[in-house]
Amino acid sequence: YVVVTVKKKTNELEVEKVLQSRGSFLRERLPKTLIQNIIHVRGIPYKPHFIVNSFPYVQIMGDHIVIASPKTDVASYHKVLYDYYEEIIRDEVALIIHEARQAFRDIDFPKITYKYYKSCFGMYDSGLHEIILSTILGKRESFHIKQTLYHELCHVKFSNHSKQFYDYFETK
């Protein structure tokens, strides 16, 4: 579907002319904006099935992933999926946290929190002394979570991406 928003006084003929003149642009752009027909979890692709259910959940069955939400809008399914991704990341961090604490004994270990970020995998907030890992990492294999956590832990010691930062990162 394409939704066209126009001023109240715009007539249908004007809308049709614009759509015809921009048809190739729309044909190029629309596939990029549609909901993906593959969803990745821990680096593995799954075919999604969206269902309505009073209790939200995600269940993987073979090569399919079922995402259940009480509401049928895209934002509700998105929230259910990214809550599931957060569970995955929490589980992975729980598995590597002891190793990380050993590797980074020379820093004051920060609090770790989770939030949906579209544009980055993680960040270190020096004011809060907190690492925020993006729930989008749930799409990736577990080594991406570890690598992102270690990268952000290096920022506790070095705020920028200097040579010292990368030298320190390589020792971990």
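Reply: Cys154 is buried, with a relative accessible area of 0%, where buried means under 20% relative accessible area, exposed over 50% and partly exposed in between, using a 1.4 Å probe and protein chains only. This is a predicted model, in which local features need pLDDT of at least 70 and side-chain atom pairs count only at pLDDT 80 or more, while totals for chains, interfaces and linings use all residues. Residues are numbered from 1 along each chain as its sequence is written, and side-chain values use heavy atoms, with hydrogens and water left out.

Helix H5 covers residues 163-171, and its buried residues are Phe165, Tyr168 and Phe169; helices here are DSSP runs of H or I with at least four residues, and strands are runs of E with at least two, numbered from the N terminus. Viewed down the axis of H5, these buried residues fall within an arc of 100°, so they line one face of the helix, the arc being that of the directions from the helix axis to the C-beta atoms. On the other side of H5, by contrast, Lys163, Gln164, Glu170 and Thr171 are exposed. Helix H4 (142-157) is included in what covers the buried residues of H5, with contact taken as heavy atoms within 4.5 Å.

As for the cysteines, Cys120 is partly exposed, at a relative accessible area of 25%, and a search of the whole structure finds 0 disulfides, a disulfide being a pair of cysteine sulfur atoms within 2.5 Å.
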